[in-house]
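Subject: Handover of a structure and notes on it

Dear colleague,

Please find the structure below. I would be grateful if you kept it open while reading the notes that follow.

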Amino acid sequence: MAEADDSNFYIELRKNPIRFDPVDKVTNVFYDDANKQVFAVRSGGAMGVVVKGPGEKDSVTFRVESRGDVISIKFSPDKRVLGIQRSSKSVEFINFMTDMTADQLEYSQTCKGKSTNIMGFVWTGVNEIVFVTDHGIEFYQVTPEKRMLKCVKTINLSVAWFVWQVESSILLLASGTLGNTLNPFLFRGTMTKLAKFEVDLPAVQKQAKTPLLERDVIMAIIYGQLYIVILRHQPRPGSVGAEIVLYQIIRDGPARKTNVLKLDMSGRFAINIVDNLILVHHQASRTSVIFDIQQEGETDGFVTFHYPVVSPLPIKPFTMLLPSLNLQTGANKMEYTCELYSPNWIVFQPNIIIDAKLGCLWYVKLLLGPLVGMIPDKCRLIKFLLQRTDSKAEILSVCRNMMVPGKQASLSTIASVLDMLNKVYHSHLESEINQLATDTQNRSTEPRRRQVIIDQSDAYTHVFSIFEDSKDMKYKFIVAVLIEYIRSLNQQGIPVQHYLYELIINTLVHNNCCYQLHQFLQYHVLSDSKPLACLMLSLESAYPPAHQLALDMLKRLSTANEEIIEVLLSKQQLLPALRFIRSVGITDTVSARKFLEAAKSTEDNMLFYTVFKFFEQRNIRLRNHPKFPQGEHCEQYTRHFEGLFGIDALAQTSPT
């Protein structure tokens, strides 16, 4: 499948479509949107049924006895029972073994009532099936081992058409003279009737209201919520062109109208849902548009009105190799330019397009790269990208380009973008903590919607790295951006990683802005931490006050006593070190050997005397004896003291 080089397209059909036998005089094609399987039925099944699905295990071939034209054919969710509807009165069933070989004995179930006609059937569970009739619902329990069905419940209702949504297990029945009274039923082991509601149909002057048709209604899960999506060809008074109306299904009440998508076009439309976006294909103009109900729109206080995210564009053109018998060249395949928006296309939910005459099933794919250049507002763009599933590379690229000299965004825009990133980052951290804290048995089995996370490592590696790569960037801009990022992290309660502090400190020192660095530390713009204190210590040669700033920081941490002692001893500040251990009450626990070694290395005999006597007094207080215990390994320092001051200078044990 060859593709166009032009990148000015934001929708394409995925490569490697599922191929099946196209429709012809003997082959009929059916699609089961619950199991995502295509059935190519030849001669009513007598010449074979070929089933193709997303994976190899979903594909199977078998034969069935022909008893007339097939109206509908579907496997149960576990692929163990096949349902075939050949008439308006009954559905036939065939059991399948684990190796997908068909049982030779078939069984069937007729609907209730002589005047009742089956409009279709849906598998609501592994062993549960619903017949939708023009008189209502018949809910059956299937027992494959006994080859029988048992009617569990019936609902009497005049039905115009129905729609099934497998992920939510909601069956929607349309009733009323105009088919605009919608009755949702929930199937989760049992059948639950939800509140019915009426879809408003706009009245056109001097014309009767047009009935609501099945082809104009889909059900879809968008941003985790179930919606009924209705294509309204006749707009409201004052509107131009068709529009799409969204009703959100609520468990405890009737569905409510929440969103209206303005198409401003008329004609034939088809709808797909891709990555929580509503894609609308328009056949007359051969273009598609995308809507995002999370984007801001106009509102009347109840309903939000949306316009397309970007201008309409066609699906990306492509060619593919198709079987051919070319007598001149002898080639068995030829390159075929696929007709986009073909009259043969049939659209299924959420992201399927089937060309039955060509024998292809495609998955619709969103192209984020071209979309980035079509949304100039950076805040709107980042908000849009954060809602997409696989947009991390695009988000990082947009953020990096916002820093490039000549393309730099304003600091307020950058701050808003960073806040958006960190708000999502914070929510992710919170959900991770909650998930760990939740008992495994009580943990929700509902799949969480994957959202792109830009953490500090991502920002540092892929965005802020431009500060080092671009030599002509003003340091004030660099510092301002980093301070904004640190502010945003602090605002969300996210601990700042030390490498961000290191980047901002090195930038300030490199540009001789030590006074500004001093202020940042003094006013706690840069939060206290051990790594930051160690970094400040390393900068002492470039900025001497950094030493004292680091010590003050370590003291404020109150968990860095060892580090403070090490710093003081490394600077040969033994008396301040002794005062420090006394002030924090750790005199009895510090290592005497460490202090004596540092004192000896100063070659200051009187300093060594003071330190030795300090710990000698500690020994007397703790053990009633001046000698150091063997475990402290201080024998060499005792000999050194004797050599300098004589054995008489050693303290003597007081008589008891």
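**Strand 9 and its neighbours**

Strand 8 (residues 72-75) pairs with strand 9 in the antiparallel sense over four bridges. Helices (H or I, at least four residues) and strands (E, at least two) are DSSP runs, numbered from the N terminus, and two strands pair if DSSP finds at least two bridges between them. The model is a predicted one, in which local features need pLDDT of at least 70 and side-chain atom pairs count only at pLDDT 80 or more, while totals for chains, interfaces and linings use all residues. Residues are numbered from 1 along each chain as its sequence is written, and side-chain values use heavy atoms, with hydrogens and water left out.

In the pairing of these strands, Ser-72 stands opposite Gln-85 in strand 9. The hairpin of strand 8 and strand 9 has five residues between the strands, and Lys-79 takes a positive phi near 60° there.

Strand 9 also pairs with strand 10 (residues 90-96), in the antiparallel sense and over five bridges. Here Gly-83 stands opposite Phe-93 in strand 10. These two strands form a hairpin with four residues between them.

Why is strand 9 described as largely enclosed by the rest of the structure? Five of the five residues of strand 9 (residues 81-85) are buried, so the strand is largely enclosed. Buried means under 20% relative accessible area, exposed means over 50%, and partly exposed lies in between (1.4 Å probe, protein chains only). Val-81, Gly-83 and Gln-85 point one way from the strand, Leu-82 and Ile-84 point the other way, and all are buried.

**Two open sheets**

As background, strands of a sheet pair through backbone hydrogen bonds, either parallel or antiparallel.

(Axes are lines fitted to C-alpha atoms, for helices over the stretch in contact, and angles run from 0 to 180 degrees between N-to-C directions.) Strand 6 (residues 49-52) and strand 7 pair in the antiparallel sense over three bridges, and the bridge partner of Val-49 in strand 7 is Phe-62.

Another open sheet has three strands in the order 25-26-27, with antiparallel pairing. Its edges are strand 25 (269-274) and strand 27 (287-291), each with a single partner strand, so one side of each has no neighbour in the sheet. The twist averages 25° from one strand to the next. Strand 25 and strand 26 (residues 277-282) pair in the antiparallel sense over six bridges, with Ala-270 opposite His-281 in strand 26.

**Helix 12 and helix 13**

How do helix 12 and helix 13 lie against each other? The axes of helix 12 (residues 561-570) and helix 13 (residues 574-583) come within 8 Å and cross at roughly 160°. That makes helix 12 roughly antiparallel to helix 13. By convention, angles under 35 degrees count as roughly parallel, over 145 as roughly antiparallel, 65 to 115 as roughly perpendicular and the rest as oblique.

Asn-561, Ile-564, Ile-565, Leu-568 and Leu-569 in helix 12 meet Leu-574, Pro-576, Ala-577, Phe-580 and Ile-581 in helix 13. The residues of this contact (heavy atoms within 4.5 Å) divide into nine nonpolar, one polar and no charged. Ala, Val, Leu, Ile, Met, Phe, Trp, Tyr, Cys and Pro count as nonpolar, Asp, Glu, Lys and Arg as charged, and the others, Gly among them, as polar.

The buried residues of helix 12 are Ile-564, Ile-565, Val-567, Leu-568 and Leu-569. What covers them includes helix 10 (530-538), helix 11 (546-557), helix 13 and helix 14 (592-601). Helix 12 is followed by Gln-572, whose phi is positive, near 60°.

**Asp-419**

Asp-419 lies in helix 4 (residues 411-437) and is partly exposed, with a relative accessible area of 25%. Asp-419 and Tyr-485 are 66 residues apart in sequence and 8.0 Å apart in space, C-alpha to C-alpha. Not counting residues up to four places away in sequence, Asp-419 touches Arg-487 and Ser-488.

Yours sincerely
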